[in-house]
Amino acid sequence: MAFKRRTPTPVAPDDPVELYRTLSETNNGPAALWLHQGDVLRSWHSGHRGDPDVAIELPTGAGKTLVGGLIGEYQRRALNERVAYLCPTRQLARQTAAALKNYGIPTSLLVGAVPTWNRADRARYTSAQSIAVSTYAHVFNSNPALDDAQLLLLDDAHSVESYVASPWSLEISRSESAYGLVLAELKDSLDPLVAARLRNENPDGQFLTRTYLASPTGVAAHAERLEEIVSAACSAETVSKSARYAYQMLAGKLDRCLLYATYSRLLFRPLIAPSTVHPAFSNPAQRVYMSATLGDGGELERSFGRHKIKRIPIPKGWEKQGTGRRLFCFPELTTNLSVVRSDLGPWVKDVIAKHRRAVVLTPDGRTAAKFTEHRVPKGFATLTAQDVEDDLSSFTTSSDAVLVLSNRYDGIDLPDDACRLVILDGLPAKGDLQERFLFEELGALEVLQERIRARIVQGSGRATRNARDFATVLVLGDDLTRYMGRADVKAAMRPEIHAEVQFGYDNSLGCQSSEMAENIEVFQQHGAEWREVDADIIAHRDALSQVPPAGAAELQRAAGREVAAWEAVWQGEWERALDLIRQVLDNLRGGKAPQRYAALWHYLGSCIARRLATQTGDATYAEASAAYYRDARAAGRGTNWLSHLAAPVEEAQQAEPALVDPLDEVAVSSILARLSTLGKSSTFEPEMERIRTGLGETPAKPYEAALVGLGQFSGATDSVGNGDADAAPDATWTFGDLTWIAWEAKSEAKPEGEMGASDVRQAGGHLRFVADKRGEAAPGDSVSLLVSAQHTVHPAARAVAENHVYLVRPSDVLDLFERLNSAWRMLRAIYSAATTGDDVVRIFKAEGALPSQWLPRLRQVPIASPEAEQP
């Protein structure tokens with residue numbers, strides 16, 4: 001008889017822990033849950049089951065898949081809910097479905113093209129007889145195939161911002177006719193120079209990599225015509241399929257998008273994905289975000305467009321526990337490869353050849369292509385993401401193979417002998433054009449810290465998937481090497497990887513590449529000789545604690561308001577949006593708040609206030625727009641993205657900017673306050689002579705004292721020495737809360753000498769020293785100035801140099817002294833009770849003695865650049 005008999009529905013267990021006791025009697029999984037898995041499941045069941053958004057942080061190897069699967073299976077059984085478990089890639093979805101089946105959890109694997117899905121498997125999910133395992137693309141889509149889930153389990157949630165934003169990201173390539181039409185329509189919405197360069201068929205090389213933000217005011221003013229252009233291109237299918245799908249989500253909303261422009265492509269997208277208006281994501285009763293690295297700065301909320309995501313913290317003890325062991329190597333810091341760069345490629349090839357298989361993770365296609373061309377050994381097969389999308393066996397069963405991936409740091413598991421070599425080539429901060437703008441143009445590194453750090457951590461762990469696993473990690477590229485060398489970046493990592501990176505860094509600086517190759521061989525043998533060394537890493541790990549990065553608390557506070565503000569923008573609720581932007585900015589103040597990121601929100605506030613002024617005719621909004629714009633310029637000092645927004649459409653509506661730079665205003669106030677004391681003959685002449693003499697000599701003490709005195713005459717609100725503290729700057733000039741200048745003076749260094757890495761690292765840490773001492777963050781435009789007559793900068797010194805460290809020659813400091821000396825003498829000559837700030841500005845400006853004039857001259861040569869080699 002073929003008929004099926006209906007069996008009684010099993011009684012739902014009391015909680016997910018009890019559920020697994022039942023499943024373990026017949027499944028192929030572990031006999032019991034780990035203690036920490038049970039703790040997390042009980043925490044979810046007792047305290048977060050009713051929360052709409054919950055995040056669970058579990059490191060790799062801590063059983064995250066089983067925890068998520070049990071939450072889903074419990075809800076399926078207890079409430080008959082439809083549950084979907086989402087993964088970034090098809091390969092990872094297949095792996096997850098197989099794991100859940102081993103645990104005794106029924107699944108329906110729904111990946112690939114929807115017409116190819118097994119209809120019976122889909123029916124089992126729809127009727128809540130199994131959990132659907134699929135990819136993010138089937139929910140975040142203009143026509144989502146999984147649009148009826150009641151519980152979403154979101155795996156690798158730290159790495160999927162691009163998947164979430166993709167339905168609202170409309171990209172147009174230069175090769176498509178719409179590119180030129182959009183640019184022509186927006187000719188008054190970009191700086192005329194930028195617009196001309198974008199149209200130029202033969203631009204200079206540097207321009208090819210720049211990302212520009214078009215004026216949102218201009219985009220809104222031309223929205224109707226832009227809609228016509230894009231709609232026509234979609235109808236004629238002269239843009240990509242992904243662009244046509246995105247326009248289905250953006251139609252009628254282009255005026256609520258930001259437009260990023262590069263020479264090769266354009267991108268329309270909202271700053272934050274409006275996921276609350278996407279039913280497939282917003283309708284489920286709960287979303288559970290699972291991640292190995294949640295972070296502390298609101299990245300999860302911004303990525304998914306959620307106001308508040310409650311966290312179940314990492315289980316006690318796991319914050320210091322990693323998965324396997326990684327040997328980080330920084331070959332570009334070695335004594336010989338840091339000098340003879342041409343030898344790096346052959347050395348990397350040799351390391352790959354000895355390992356036989358390597359996975360290479362790059363931030364973009366250009367870096368991947370360059371690596372493939374120059375660093376893959378002869379005779380090795382080169383595989384890409386397409387080759388392993390469904391199955392890794394084409395790589396893991398091959399010898400002499402290199403898997404090269406672009407902007408993909410998750411979803412590839414290569415345990416044990418599958419791969420023992422991971423290569424990270426380039427800083428992973430080159431996602432879509434919005435990310436590039438935030439990083440390269442806005443300089444808002446803080447808001448991307450979690451994303452970048454997570455990619456480094458996850459990427460370096462692709463080949464260490466269990467407690468006994470091990471792999472070598474080669475770190476390539478000046479930008480990535482410098483970034484991972486920063487003390488604050490390492491401190492924000494978990495203690496295990498912090499200790500690993502520090503060990504690798506210490507064993508790269510000052511050693512030969514041949515010695516590094518020998519160390520790699522000892523590590524790969526993983527015998528008694530390595531175990532002795534490994535004990536040092538463990539001891540260092542146990543002494544460390546994770547420290548949230550600067551600005552994380554302020555970013556976390558602001559995240560929910562940012563999401564709400566962009567929701568209001570998306571709905572066209574402009575007054576509400578402006579009010580929420582003010583709340584965003586209130587939360588981005590104080591402590592170690594990231595001012596360059598705040599500059600973008602000030603600018604957006606200016607654009608929205610200007611829009612309201614046009615709509616209502618209310619002059620109050622016009623005044624607010626001007627005030628927001630001035631604040632944007634002040635917070636964004638040290639960057640030039642606003643200069644590139646000198647669009648005609650903005651100039652026509654923008655109120656006159658302040659005549660005096662805010663930095664100069666601070667200096668002028670200080671100069672006026674000190675004029676009656678420092679300006680006295682009995683004080684002025686001796687001080688000027690002391691400073692002139694000190695700056696003209698080489699002994700350290702007089703030179704450092706002269707720098708402190710010079711700071712007082714420069715208009716710094718505070719100018720102090722090092723107080724004989726070893727790690728302190730030789731002099732620190734602070735200009736209110738706008739700019740700090742930390743000086744490291746190597747006045748005794750000989751011109752024929754070579755600047756070393758230790759001096760540069762010392763200078764790089766000065767701002768952090770001052771910040772810790774003052775209990776506040778360094779303003780965004782702060783710098784460290786290293787004064788030295790040395791003509792040569794060792795390549796290792798360039799490699800460890802942080803972006804805020806600049807080389808200053810002694811002659812430059814003397815030039816500043818002469819300018820200030822002349823300005824003060826003229827000011828003293830006209831000084832009376834009626835002397836005003838305008839008088840100071842006029843006199844100091846004529847001598848080039850205002851901070852806005854002399855500071856750019858002192859920060860012309862970043863030590864990280866080859867220009868630092870010039871005498």
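Author: Let's start with Val 787, whose bridge partner in S24 is Val 808. Before going on, a word on the ground rules: this is a predicted model, where local features need pLDDT of at least 70 and side-chain atom pairs count only at pLDDT 80 or more, while totals for chains, interfaces and linings use all residues. Numbering runs from 1 along each chain as its sequence is written, and side-chain values use heavy atoms, with hydrogens and water left out.

Val 787 sits in strand S22, residues 783-788. Helices (H or I, at least four residues) and strands (E, at least two) are DSSP runs, numbered from the N terminus. S22 pairs with strand S24 (residues 805-808) in the parallel sense over four bridges; to count as paired, two strands need at least two DSSP bridges between them. S22 also pairs with strand S20 (residues 739-746), again in the parallel sense, over six bridges. There, Ala 745 is the residue opposite Val 787.

How well covered is S22? Six of its six residues are buried, meaning under 20% relative accessible area, where over 50% is exposed and anything in between is partly exposed (1.4 Å probe, protein chains only). In a regular strand the side chains alternate between the two faces of the sheet. Here one side carries Val 783, Leu 785 and Val 787, the other Ser 784, Leu 786 and Ser 788, and both faces are covered.

Now for some helices. H35 (residues 810-830) and H36 (residues 837-846) pack at about 140°, with axes 9 Å apart. Axes are lines fitted to C-alpha atoms, for helices over the stretch in contact, and angles run from 0 to 180 degrees between N-to-C directions. H35 and H36 are therefore oblique to each other: under 35 degrees would be roughly parallel, over 145 roughly antiparallel and 65 to 115 roughly perpendicular, with the rest oblique. On the H35 side, Leu 820, Ala 823, Trp 824, Met 826, Leu 827 and Ile 830 meet Asp 839, Val 840, Ile 843 and Phe 844 of H36, contact being heavy atoms within 4.5 Å. By class that gives nine nonpolar, no polar and one charged residues. Ala, Val, Leu, Ile, Met, Phe, Trp, Tyr, Cys and Pro count as nonpolar, Asp, Glu, Lys and Arg as charged, and the others, Gly among them, as polar.

H36 also packs against H29 (residues 662-678), at about 110° with the axes 10 Å apart, so H29 and H36 are roughly perpendicular. Val 668, Ile 671 and Leu 672 of H29 touch Gly 837, Val 840, Val 841 and Phe 844 of H36, a contact of six nonpolar, one polar and no charged residues.

Over to another sheet: seven strands, open, with parallel pairing, in the order S3-S4-S2-S5-S10-S1-S11. S3 (107-109) and S11 (310-312) are at the edges, each with a single partner strand, so one side of each lacks a neighbour in the sheet. Neighbouring strands are turned by 25° against each other on average, direction ignored. Helix H5 (residues 119-126) lies across S2, S3 and S4, at about 135° to S3.
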